[in-house]
Amino acid sequence: MSEEKYRQDLIDVAARCYEKGYICGLEGNFSIRLESNLILTTPRGCCKARLNKDELVLTDLNGDAIGTGRPSTELKMHLIVYRARPDVRAVVHAHPTTAVGLTIAGVDMTAPILPEVVCALGAIPTAPYATPSTDEMPKSIEPLLAEHDALMLSHHGALAIGPDIWDAFYKLETIEHFAQTLLVAILAGGPVPLSDHHVASLMAIKHIYDKPKASPSNVNL
């Protein structure tokens with residue numbers, strides 16, 4: 001895709017996150033790794049629902065801006081993902097209310113509860129609390145990146161990664177939907193995890209959840 005299309009997809013996903021209540025105010029940050037290994041990312045100090053394509057910031061893999069603009073203060077978290085996972089082309093960081101609330105209550109999302117989540121994401125771990133926008137944050141998530149495309153940041157937010165920005169966004173949606181379902185189960189008396197046998201059966205058909213070859217950026221939403 002052209003850089004222009006990447007820019008459009010990024011601001012569309014950012015606006016969608018705002019509309020769905022995954023971020024508010026000036027929260028959230030999003031990025032895409034371009035074919036040139038430059039990083040296209042959201043600027044700091046702005047509402048992600050009101051971005052235009054020219055406001056996005058280009059950086060190198062060290063986080064140094066190319067041209068004008070100041071990248072997100074949490075770009076370090078994105079960069080550690082790109083260094084650890086060459087297959088990842090996009091990172092979405094938001095603050096979905098239910099999922100974040102569960103981390104505050106000390107409830108994790110690693111148990112096998114929903115078949116779709118088991119197949120699509122597996123366990124969703126929670127990284128230890130780290131001060132946002134500091135070197136603590138990338139260090140807290142680095143051990144989890146090899147095995148997980150979706151994870152929680154304790155008392156802070158959610159991180160979803162993928163081969164494109166829409167794939168990462170859909171994973172973020174799944175995180176929050178799972179959190180809402182898990183909360184209902186807790187209020188109703190407590191979740192009953194799937195058995196080892198059920199999980200093994202799901203792993204046998206996991207391939208049917210593989211992402212189709214066509215890019216989701218071509219889908220009309």
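Tutor: Ground rules: residues are numbered from 1 along each chain as its sequence is written, and side-chain values use heavy atoms, with hydrogens and water left out. Since the model is predicted, local features need pLDDT of at least 70 and side-chain atom pairs count only at pLDDT 80 or more, while totals for chains, interfaces and linings use all residues.

Student: How many aromatic pairs does a search of the whole structure find?

Tutor: The search finds three. Rings of Phe, Tyr and Trp (its six-membered ring) pair if their centres lie within 6.5 Å; planes under 30 degrees apart are stacked, over 60 edge-to-face, and the rest tilted.

Student: Why is the pair of Trp166 and Phe169 called edge-to-face?

Tutor: The ring centres are 5.9 Å apart and the planes sit at 85 degrees, so the pair is edge-to-face.

Student: Where do Trp166 and Phe169 lie?

Tutor: Both are in helix H6 (residues 165-187), three residues apart, about one turn of the helix. Helices (H or I, at least four residues) and strands (E, at least two) are DSSP runs, numbered from the N terminus. An α-helix has 3.6 residues a turn, so residues three or four places apart point the same way.

Student: How do you know whether Phe169 is buried or exposed?

Tutor: Its relative accessible area is 1%. Buried means under 20%, exposed over 50%, and partly exposed in between (1.4 Å probe, protein chains only), so Phe169 is buried. Trp166 is buried too.

Student: And why is Tyr170 called partly exposed?

Tutor: Tyr170 has 29% relative accessibility, so it falls in that middle class.

Student: Which residues of helix H3 are buried?

Tutor: In H3 (residues 97-104) they are Thr98, Ala99, Val100, Leu102 and Thr103. Their cover includes strands E6 (126-127), E7 (150-153) and E8 (157-162), along with H6; contact means heavy atoms within 4.5 Å. Just after H3, Gly106 takes a positive phi of about 80 degrees.

Student: Zooming out, what is in the protein chain?

Tutor: Seven helices and eight strands. The radius of gyration is 17 Å, close to the 17 Å from the globule rule for 221 residues, so the chain is as compact as a globular protein of that length. That radius is taken over C-alpha atoms, and the rule is 2.2 Å times the number of residues to the power 0.38.
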